[in-house]
Every structure is written in C-alpha cells, then in structure tokens.
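Please look over the structure shown here before reading the notes that follow. They are grouped by topic.

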Amino acid sequence: MRRAIYPGSFDPVTNGHLDIIQRGCKLFDEIIIAVLVNPDKTPFFSVEERCEMLTEVLKELDRGDCTLTVESFAGLLVQYAADRQAHAIVRGIRAISDYEYELQMALMNRRLQPRLETVFMMPAEEYSYVSSRLVKEVFQLGAPIKDLVPALVEQRMREKSS
Ligand code: PNS
C-alpha cells in the first residue's frame, strides 16, 4: 500500500494540478491532496472552499484504483506526512524556475524526515505555464480562464467576484 501526500495551496486547483494527480494515480495506491492552512497569506478562496472544490472536481478524474482524499493541514509537512504514514510527497515541476525552490524544500524535508521521499512529476506541456497565481491574475483582469481550471472553479471565481 503506497500512500503519497500531494501538498499545496490549491488557491484554486488548476488543470495542471489535476494532471499531476492523475499521473500520481499510476504510481500510488492512495494520494492525500493536502491543502495548506497558511495564516500568513490572504487567499482568494478559504481552505474550506478549496477543499470542497477539489473534492468535487476529483469526482470526474480518471483515478484507476487509486484512492483520492482531500484534507487540510497546518504546520510542518513532514510531521503531517508521518502522521498519515505516507511514503512520499508529490510535487509538480513545470519549468526550471520551479526547480530551485522545490529542490530546497525537498532537501529540507529529507533532512527532517529521511525516510520520506519527494517525487517530482511533470505536467502535460499544455499546463507547463499554468499556475494558480497567474490564473487569478488574468481572471481578475478580465481574461478568459477556460481550459486552465475546471469549469466549476471558473464558476466559483465568477461568483466570488460578482
Ligand atoms: O502550492 P504551494 O504554495 O507551492 O505549496 C507549498 C507547500 C504547501 C508545499 C509548502 O509551503 C509546505 O510544505 N508548507 C508546510 C510547512 C512546511 O513544512 N515548511 C517547510 C518546507 S521545507
């Protein structure tokens, strides 16, 4: 039974995140999508809204035999992963620019919890430039975000802004 944690802000979940989760389903029996509770950031969506949207859009995902769970977490990721008896952390890497930050986190997490592996996965090329931050920015400036996020997320973003 191989269990992974896919941690992140998911503010909001994008099609790039879903692509990574779908790829992760080929490697793991269970993936816990873990939404960080970060009191230092002012998010677009609350943690509850993000978890609810994730749960909803994951219903449509082709997951094979993989069990997908959505949870929120606070505090140290490696502690949360140990509590959940996870074997690995999954992170998506889009471009070289992601690599430096991800490498730092992976090595720090390894130092803190040597038995926990970080698995980097690459999304499909069509999502290689998609980030929650840019999606929010272009949406707030009036540009279309169809095909970058699930339809439900686009709808919730419209509701929030109206
Ligand atoms: O989607 P994000 O914002 O890039 O995700 C970052 C995340 C949640 C993976 C990272 O901030 C994290 O692990 N936070 C939990 C606190 C922690 O363990 N920090 C030390 C990381 S080396």
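In what order do the five strands of the open sheet stand, and is the pairing parallel or antiparallel? The order is β3-β2-β1-β4-β5, and the pairing is parallel. This is a predicted model, in which local features need pLDDT of at least 70 and side-chain atom pairs count only at pLDDT 80 or more, while totals for chains, interfaces and linings use all residues. Residues are numbered from 1 along each chain as its sequence is written, and side-chain values use heavy atoms, with hydrogens and water left out.

**The sheet**

- Helices (H or I, at least four residues) and strands (E, at least two) are DSSP runs, numbered from the N terminus.
- Two strands pair if DSSP finds at least two bridges between them.
- β3 (67–73) and β5 (117–121) stand at the edges with a single partner strand each, so one side of each has no neighbour in the sheet.
- On average, neighbouring strands of this sheet are turned by 30° against each other, direction ignored; the axes are lines fitted to C-alpha atoms, and angles run from 0 to 180 degrees between N-to-C directions.
- Five bridges join β4 and β5 in the parallel sense.

**G92**

- G92 lies in strand β4 (residues 88–92) and stands opposite M121 in β5.
- Leaving aside residues up to four places away in sequence, G92 touches Y6, I20, E102 and M121, where contact means heavy atoms within 4.5 Å.
- G92 is partly exposed because its relative accessibility is 21%; buried means under 20% relative accessible area, exposed over 50%, and partly exposed in between (1.4 Å probe, protein chains only).
- The C-alpha atoms of G92 and L54 are separated by 17 Å, and these residues are 38 residues apart along the chain.

**Loops**

- The loop between β1 and α1 holds F10 and P12.
- The peptide bond from D11 to P12 is cis, with omega near 5°.
- F10 has a positive phi, near 50°, although it is a residue other than glycine.
- F10 counts as buried because its relative accessibility is 2%.
- Q85, in the loop between α3 (77–83) and β4, is not a glycine but has a positive phi of about 55°.
- Q85 is exposed, with a relative accessible area of 61%.
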